[in-house]
Amino acid sequence: MQREDKIELTQRLIAHVDNNSTDYADDVLRVPFSAFNDPELAESERQVVRRFPHIVAHLDELQKAGDFITTTLIGTPLLVVRQPDGSVKAFSNVCRHRGAKVEFAESGCKRIFACPYHNWSYGRGGDLRGMPHAEGFEGVDRSEYGLVEFPCEVRHGLVWVVPTVGVELDIAAVLGEKHDAEVIDTGMADSYQVRKETWRLDMNWKIAVDGVQDSYHLCQLHTKTVCNYLEGNITALDVVDRSWRLVVARKSITEVRDADPDSFDVRDYSLANYTVYPGTMLVTEPNHFEIWTIVPDTDDPNVSYCTIRLLSPKKPETPREVRILEKNWELLMATLHDEDWFVTKTITDNAAHGQVKELIYGRNELPGQLFHNMVASDVVELERERSAQTAATG
């Protein structure tokens with residue numbers, strides 16, 4: 001972080017602590033309660049979400065050429081493979097012959113991927129290598145029948161994929177030059193993946209994202225956990241197109257009120273959340289990183305999936321370092337399962353039968369307002385595109 005940016009951010013957060021204030025929206029936002037369980041809206045949102053990047057792996061999962069993982073991203077089956085040149089490619093895990101799954105293992109290392117149905121085989125680069133009884137397919141150009149490839153990029157030690165063919169992908173541009181440089185400065189690209197878990201949540205995906213964007217609840221809901229370390233309802237928000245940096249002050253930040261700006265790192269006195277729309281969060285803490293990926297279910301608007309990766313700046317080498325990371329994970333799990341998700345599940349439970357027509361996002365809930373306005377705007381734009389296509393086809 002540039003020196004002047006560090007000074008400005010520190011002063012901004014301390015001023016919020018002194019004034020019991022935060023970065024505010026211009027007005028309150030009213031969101032229809034039905035936005036969390038409407039099946040038609042949920043389908044439109046899924047189409048929107050498929051147009052944007054999501055994290056599918058950490059490079060620790062793909063260390064050498066031929067290493068692969070398989071996963072599903074918003075209904076799209078993926079085969080993600082480390083290439084001989086060190087890059088990573090992502091393919092549809094679907095055989096171009098008759099549509100069967102090509103690879104069934106969750107991970108491994110292979111030179112060739114062969115569909116078990118008729119043994120059509122593909123190289124690490126997705127090219128069609130083998131067609132048993134090829135004489136039956138005269139006139140079929142193998143170069144046109146490789147695995148379908150999706151936009152894929154490695155950035156900050158993470159593998160990003162857009163599950164829509166042909167979409168441009170540039171994570172540095174998405175984050176913005178300044179914020180991308182800040183993430184580089186954290187050393188995240190050289191991090192070690194300590195833990196990775198995925199949960200099926202009985203709640204709408206926007207509810208799950210809301211929770212990670214909301215500092216208002218930190219000292220209301222988390223009185224015995226997070227509130228011991230972080231200031232509630234105090235954030236600094238900086239937006240770059242479809243990403244933003246949300247910084248929450250730690251209780252200790254006033255200790256550096258009069259300190260020489262060159263004598264401390266503001267990251268040691270705050271928590272920064274770099275959000276990449278729609279549901280990816282890079283959370284930087286003084287001693288670890290949390291990588292969040294939240295996506296909707298492919299059918300049920302009241303179901304979503306959340307994957308969290310706990311990363312360490314380096315591989316832990318001592319029992320003490322291991323214990324610290326375990327403690328951080330345990331605190332996160334207690335906060336999520338016993339507090340956040342326990343309460344936020346009731347929002348989904350209430351959406352259909354609560355007899356409440358709308359929810360209110362206050363001026364102090366600026367990140368949530370930003371997120372919901374962005375989703376709603378993209379759904380409207382999607383409907384415009386559909387109408388234009390319908391009109392064009394008569």
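**Close-up views of a predicted model**

**View 1. Contacts of S191.** Apart from neighbours within four places in sequence, S191 is in contact with H58, D60, F289, L311, S312 and P313. This view, like the others, comes from a predicted model. S191 sits in the loop that runs between helix α4 (177-186) and strand β13 (192-201). Its relative accessibility is 5%. The residue therefore counts as buried, since the cut-off for that class is under 20% relative accessible area. For a sense of distance, V162 is 29 residues away from S191 along the chain, and the C-alpha atoms of the two are separated by 23 Å.

**View 2. The disulfide of C219 and C227.** The sulfur atoms of C219 and C227 are 2.1 Å apart and form a disulfide, because a pair of cysteine sulfur atoms within 2.5 Å is counted as one. By this rule, the count for the model is one disulfide. The angle about the S-S bond is 100°, and the link of C219 and C227 is right-handed. C227 has a relative accessible area of 14% and is buried.

View 3. C152 is partly exposed, with 21% relative accessibility. C306 is a buried cysteine, with a relative accessible area of 0%.

**View 4. Helices α5 and α8.** Helix α5 covers residues 205-213 and helix α8 covers residues 366-392; their axes come within 9 Å and cross at roughly 150°. At that angle, α5 is roughly antiparallel to α8, because angles over 145 degrees fall in that class. The crossing of α5 past α8 is right-handed. On the α5 side, the residues that meet α8 are W205, K206, V209, D210 and Q213. Their partners in α8 are P367, G368, F371, H372 and V375. Sorted by class, the contact of α5 with α8 holds five nonpolar residues, three polar ones and two charged ones.

View 5. Y277 and P278 are joined by a cis peptide bond, with omega at about 10°. P278 lies in the loop between strand β16 (270-276) and strand β17 (280-284). As background, most peptide bonds are trans.

**View 6. Positive phi at N233.** N233 is not a glycine, yet its phi is positive, at about 60°. Most residues other than glycine have a negative phi. N233 belongs to strand β14, which covers residues 230-240. Is N233 buried or exposed? Its relative accessibility is 16%, so N233 counts as buried.

**View 7. Positive phi at Q355.** Q355, a residue other than glycine, has a positive phi near 60°. The place of Q355 is in the loop between helix α7 (319-351) and strand β20 (358-361). With a relative accessible area of 73%, Q355 is exposed; the cut-off for that class is over 50%. To set the two views side by side, N233 lies in a strand and is buried, whereas Q355 lies in a loop and is exposed.

Conventions. Residues are numbered from 1 along each chain as its sequence is written. This is a predicted model: local features need pLDDT of at least 70, side-chain atom pairs count only at pLDDT 80 or more; totals for chains, interfaces and linings use all residues. Side-chain values use heavy atoms; hydrogens and water are left out. Buried means under 20% relative accessible area, exposed over 50%, partly exposed in between (1.4 Å probe, protein chains only). Axes are lines fitted to C-alpha atoms, for helices over the stretch in contact, and angles run from 0 to 180 degrees between N-to-C directions. Helices (H or I, at least four residues) and strands (E, at least two) are DSSP runs, numbered from the N terminus. Angles under 35 degrees count as roughly parallel, over 145 as roughly antiparallel, 65 to 115 as roughly perpendicular and the rest as oblique. A crossing is left-handed if the near helix is turned anticlockwise from the far one by less than a right angle, and right-handed if clockwise. Contact means heavy atoms within 4.5 Å. Ala, Val, Leu, Ile, Met, Phe, Trp, Tyr, Cys and Pro count as nonpolar, Asp, Glu, Lys and Arg as charged, and the others, Gly among them, as polar.
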